[in-house]
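Here is a structure to look through together. Take a moment with the sequence and the fold, and then we can go through some questions.

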Amino acid sequence: MVMSVLLSFIFPPPPSLVVSTMSVISLVSLANAGLSEVRGKHLNYSKFWNANPSSEKQIKLSSKAGMLLLYTPAFLAGLASFWIFPHEGLRSTLLQSAVTLHFFKRVFEVLFVHKYSGGMTLESAIPITLSYFLSAATMTYSQHLTNGLPEPPINLLYPGILMFVVGILGNFYHHYLLSNLRGKGEKEYKIPKGGFFELVICPHYLFEIIVFYGIFFISQTLYASSFAVGTTFYLLGRSYSTKKWYLSKFEDFPKNVKAIIPFVF
């Protein structure tokens with residue numbers, strides 16, 4: 001029954017052990033990372049870059065170098081997919097475009113939008129880089145494997161395009177608000193204001209989740225759904241820790257501001 005309902009929304013799982021295995025690994029590893037965030041074991045970047053005692057003994061990167069390392073391989077994987085899997089239909093082209101555009105935006109933000117104050121450990125950068133790169137490569141490959149298959153009974157392509165556009169614009173806007181918190185030369189953290197920051201402390205995470213559900217709706221593959229759900233678990237955990245961090249640093253932090261879901265969590 002569950003499988004029949006699921007197959008109304010996605011293409012049949014591909015006869016590929018690699019894609020099936022990656023679907024499970026992505027979901028489990030991202031969900032586990034989110035649980036680790038709640039437990040206080042953070043990936044060492046952004047405000048948590050030196051949160052773990054062991055991070056002092058690890059190789060450190062500047063935030064800008066670390067973030068470029070995170071996103072550039074995934075962007076290149078998306079770009080390469082146009083050459084590796086050319087002209088495979090509207091859905092495939094839109095999926096490739098969405099993946100490539102998302103990671104291009106992240107590279108652009110690293111270079112021209114974000115203002116950094118901390119660092120990143122290489123130990124944290126490597127698994128995140130691999131996760132993004134493998135997700136971009138596996139999403140485009142799993143889409144390639146749907147060639148010749150009948151479309152899912154429920155077509156989510158156009159709602160997916162709308163969700164992706166809303167997500168990527170919302171994510172960029174709130175990253176822009178964050179960058180404007182600091183003047184030239186300033187490095188201290190401040191309580192974010194404006195936009196959805198009046199409701200949640202991590203609206204950029206909320207819109208990133210929307211981006212990946214948009215990509216899932218465009219793709220309608222098992223892997224894209226697994227990655228979207230896994231990303232949800234991870235960012236729920238990360239946002240919980242982020243709110244906890246702000247509460248510990250700012251006595252005047254608004255009590256009504258939630259972590260990531262307005263009025264709920």
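Q: Which helix holds both Phe 108 and Phe 112?
A: This is a predicted model, where local features need pLDDT of at least 70, side-chain atom pairs count only at pLDDT 80 or more, and totals for chains, interfaces and linings use all residues. Residues are numbered from 1 along each chain as its sequence is written, and side-chain values use heavy atoms, leaving out hydrogens and water. Helices are DSSP runs of H or I with at least four residues, numbered from the N terminus. Phe 108 and Phe 112 sit 4 residues apart, about one turn, in residues 90-112, which is helix H4.

Q: Are the ring planes of Phe 108 and Phe 112 stacked, tilted or edge-to-face?
A: Rings of Phe, Tyr and Trp (its six-membered ring) pair if their centres lie within 6.5 Å; planes under 30 degrees apart are stacked, over 60 edge-to-face, and the rest tilted. By this rule there are 15 aromatic pairs. For Phe 108 and Phe 112, the centres are 5.2 Å apart and the planes are at 50 degrees, so the pair is tilted.

Q: Is Phe 112 buried or exposed?
A: Buried means under 20% relative accessible area, exposed over 50%, and partly exposed in between (1.4 Å probe, protein chains only). Phe 108, at 33%, counts as partly exposed. Phe 112 has 61% relative accessibility, so Phe 112 counts as exposed.

Q: How many of the 17 residues of H7 are buried?
A: Helix H7 covers residues 203-219. H7 is mostly covered, and its buried residues number 15.

Technical notes
Helix = DSSP H or I, 4+ residues; strand = E, 2+ residues; numbered from the N terminus. Expected span 1.5 Å × (residues − 1).
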